[in-house]
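Work through the following exercises with the coordinates open. Each task is followed by a solution in steps.

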Amino acid sequence: MGGMAITPMMKQYEEAKRACPDALLLFRMGDFYEMFHDDARTAARVLNLALTSREKGENATAMAGFPHHQLESYLGKLIAAGMRAAVCDQVEDPKLAKGLVRREVTRIVTPGTVTDDALLDPRENNYLAAVASGDPAGLAWVELSTGRFMAAGFPVRQLPDQLARLGPAECLLGEDAPPLTPDLDERMMVTRRPDWAFSRQTAEQTLAKHFGTAGLEGFGFSDDEADRQAIRAAGAVLDYLTETQKSSLDHIDRLTPYRASSTLEIDQSSRRSLEIGRTIRDGRREGSLVWVLDRTRTPMGARLLAEWVANPLTYVAAIRARLDAVEELLGNPSLCAELGESLRRMYDVERLLTRATTGRASPRDLSFLGRTLKSLPAVKAKLAARAKGDRSDLPQSGPKGASHKSDLSPLLAELEAAIDLCPELRSTLDAALADDCPLTSRDGGFIREGFSAELDALRELAHGGKQWIARYQAQETQRTGIPSLKVGFNQVFGYYIEVTNSHRDKVPAEYIRKQTIKNAERYITPELKEYEEKVLTADQQAKELEYKLFQDLREIVAADRRRLQATAAALAAIDVLAGLADLARTRNYCRPEVVEEPVLRIIDGRHPVLEVVEPEGKFVPNDTLAGSCETASGEQPCETASGEQPCSSILLITGPNMAGKSTYIRQVALLTLMAQIGSFVPARRATIGVADRIFARVGASDELTRGQSTFMVEMIETARILNAATARSLVILDEIGRGTSTYDGISLAWAVVEHLHERIGCRTLFATHYHELTDLEQSLPGVKNLNVAVREWEDKVIFLHKIVAGAADKSYGIHVARLAGVPREVIERSKDILAQLEEERLDDEGRSKIARRPDGPKQTRLQMTLFGPADHPLVNEIRRLDLNHLTPIEALQRLQQWQATLAEETKKQ
């Protein structure tokens with residue numbers, strides 16, 4: 001303590017501070033929130049407040065504060081600075097308090113527990129996550145502002161990828177748990193919690209108590225180790241929320257298991273490279289894929305779209321259901337426009353409902369909910385009318401790929417059925433709430449006249465009771481026979497009866513004279529004073545009654561939370577689908593044919609972001625044809641403009657810098673992702689086989705704080721791809737091996753391509769400056785060379801940004817060096833060296849010496865070691881096997897192949 005005396009107030013402050021020592025305590029004192037000691041110094045620095053003290057001298061206690069009505073603004077600044085804040089409020093009426101007003105910490109606000117609109121981005125989820133350490137690791141996450149709560153177990157190596165997918169604002173870890181990776185620590189607050197909060201027994205008890213269940217089997221969790229870890233993490237989340245929120249958590253009414261097998265997996269570095277949710281340069285939403293796709297009209301829809309993009313589907317039927325819905329809305333522009341207008345008038349039901357359930361909703365929040373409910377019948381009617389309406393107005397032509405089928409989307413029908421109009425609640429809110437409600441409930445004035453007879457009577461009294469006064473004045477005039485008698489009011493004497501001096505002799509004996517004025521006398525009566533007392537207390541009584549009525553309304557809303565949650569989810573999905581249809585119409589997207597087979601057949605594909613940010617007409621479309629040549633349905637493969645029908649799984653793209661190689665390979669990955677969320681894609685025609693994973697090794701970066709060079713990061717990411725990719729994956733690689741010496745780099749890049757071709761067999765786009773790799777087309781049947789076309793004209797290199805068949809004949813590096821002003825003798829000497837190097841790498845027949853391979857696969861003899869068995873190639877193949885998509889017949893065929901391989905090896909040993 002400083003020099004300030006330990007007053008009862010400061011004792012109260014110290015008790016509150018001990019309850020939350022790691023948070024900055026905002027202590028309510030009258031009309032201000034005050035901070036003391038180190039908290040005051042921190043607040044003065046972070047919030048730019050004046051630092052003061054009550055005493056002078058070296059031991060003066062530091063103080064800083066701000067007006068109470070600015071709380072949300074200052075909380076936002078503290079959260080943005082990555083800090084925790086504890087709000088200590090007055091919890092009893094100062095007028096009724098005996099002695100010191102009681103104060104308590106009413107909530108602890110952290111980045112992951114924010115629920116106030118002013119502190120949240122309405123378009124994005126704000127997750128609080130928890131990690132239960134181990135392998136598998138448990139991961140649970142909750143969106144407190146909506147109540148969505150999920151958990152799962154993952155191999156510990158996947159944990160960074162899962163956290164990157166979620167992007168939580170805050171993550172809970174046990175006290176003794178290992179730290180997360182440095183880059184994750186920089187992007188979210190890490191809060192250490194007692195290890196007992198993560199114990200399985202504590203977690204199960206916490207969750208069962210909250211949900212009112214005997215166990216968690218009914219939520220879909222099994223007794224395997226991954227789900228047990230998930231439960232540990234979920235229990236830690238709920239324990240933390242109970243401690244920090246100090247209010248009802250009833251809106252968190254279920255815990256949902258997350259199953260990664262139903263979604264496309266994208267690792268942390270690939271999400272960053274593809275700029276799915278944020279740009280690499282400045283971390284902004286603008287310029288990302290989500291930014292381009294977002295045509296939603298509601299915050300709920302915007303958040304759901306971000307979730308869809310972060311978790312693309314892998315089930316073809318589910319993807320096609322979304323595409324059918326988008327296609328129907330695309331083919332019915334009037335319906336799409338009408339839905340958009342109705343949705344635009346709606347508010348964020350999910351977050352409004354949470355504030356009502358937790359007791360933090362304002363009258364304005366409930367009025368917004370009422371307005372949204374009034375808009376629901378129009379949305380439901382428009383969707384229901386699809387089944388019986390005239391569809392002859394559908395356009396005969398539109399964006400390519402829209403077939404305008406007469407079949408109605410089952411998904412839209414399901415969403416229409418899920419919209420609950422809640423007529424009783426809508427009627428109650430409409431009857432109870434005024435058209436323009438205030439932000440605070442204590443000041444009154446928001447309950448509509450006619451809703452409560454008692455409140456109306458109190459209001460009439462509070463506003464002077466004009467009718468009563470007029471009736472009383474008429475009564476007294478008639479009784480006394482004084483025609484000029486009148487009843488008035490002033491702040492000094494209250495209500496009075498005024499009689500002119502000319503009628504003084506008619507004044508009844510029971511009148512009590514109170515004041516003499518010019519030409520008149522003023523009197524009071526017991527009846528008038530009794531009425532005055534009623535009027536003076538009526539305003540306070542009206543406000544108290546209005547607040548009680550408001551609390552009743554909040555409870556009515558909370559009681560309907562499940563119906564409202566289902567309705568909000570349906571509205572969000574309709575919003576996303578209508579937005580995707582609007583995007584497809586305005587940007588001329590086509591419907592992709594999504595199939596199980598690992599194919600890529602994209603005709604005139606365009607980069608979804610660049611075609612928006614670049615001037616119109618500047619972006620050059622390109623084809624992509626890779627993978628199987630025919631589908632299960634017997635569909636013929638697409639043809640390029642030149643009539644080619646390639647079936648290669650690996651596309652090797654060469655060409656000079658800045659020609660568009662990286663843009664092209666990113667474009668393919670983004671179109672695949674778009675198709676798997678159920679979106680139309682920027683192309684003339686597209687057939688896309690579902691990918692289970694997308695890997696993107698693009699660009700150069702280093703992590704010096706972890707002692708990793710650019711090349712080390714590149715190799716780590718490459719190793720992850722080679723160890724985790726399956727035959728159903730999509731891999732895009734850019735400039736593998738450029739971070740080391742030329743021959744090292746070529747050797748690594750060459751071996752990587754061979755491994756992808758022979759061991760994995762996935763669709764791969766490999767952009768490189770190593771022209772030596774183009775010789776692989778001669779030795780590997782699944783490799784096809786492509787290059788970015790350029791033209792030379794008058795010492796200039798013109799990039800055409802067109803992908804064409806064949807290998808680039810030169811890199812133009814020496815040409816660019818000459819244009820940059822490198823001395824002529826250096827240019828000439830470099831040409832001689834280049835010619836010599838190119839000659840040495842070819843044999844007498846002009847073929848690459850590197851391309852020579854043994855006639856059969858190289859046999860590696862395995863030997864027992866002192867430290868454990870060496871990995872057999874078959875073991876690695878089994879590890880990579882995707883059991884979720886393997887049929888019984890395919891499994892039997894694999895076993896026969898492996899048995900034959902082992903038998904052959906036994907003969908050779």
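**Exercise 1: a residue after a helix**

Task: classify Lys-246 as buried, partly exposed or exposed, and describe its backbone in this predicted model.

Solution. Step 1: the relative accessible area of Lys-246 is 46%. Step 2: buried requires under 20% and exposed over 50%, so Lys-246 is partly exposed. Step 3: Lys-246 lies in the loop between H7 and strand S12 (256-257). Step 4: its phi is positive, near 55°, in a residue other than glycine.

**Exercise 2: the preceding helix**

Task: compare the span of helix H7 with the expected one, and state how many of its residues are buried.

Solution. Step 1: H7 covers residues 225-245, 21 residues in total. Step 2: from first C-alpha to last, H7 reaches 30 Å, close to the 30 Å expected at 1.5 Å a residue. Step 3: 16 of the 21 residues are buried, so H7 is largely enclosed by the rest of the structure. Step 4: Lys-246 follows H7.

**Exercise 3: another positive phi**

Solution. Step 2: phi of Glu-275 is positive, near 55°, and the residue is not glycine.

**Exercise 4: a cis peptide bond**

Task: which residues does the cis peptide bond with omega of about 10° join?

Solution. Step 1: the bond joins Asp-135 and Pro-136. Step 2: Pro-136 belongs to the loop between strand S7 (127-132) and strand S8 (137-143).

Terms used. Residues are numbered from 1 along each chain as its sequence is written. This is a predicted model: local features need pLDDT of at least 70, side-chain atom pairs count only at pLDDT 80 or more; totals for chains, interfaces and linings use all residues. Side-chain values use heavy atoms; hydrogens and water are left out. Helices (H or I, at least four residues) and strands (E, at least two) are DSSP runs, numbered from the N terminus. The expected span of a helix is 1.5 Å times one less than its number of residues. Buried means under 20% relative accessible area, exposed over 50%, partly exposed in between (1.4 Å probe, protein chains only).
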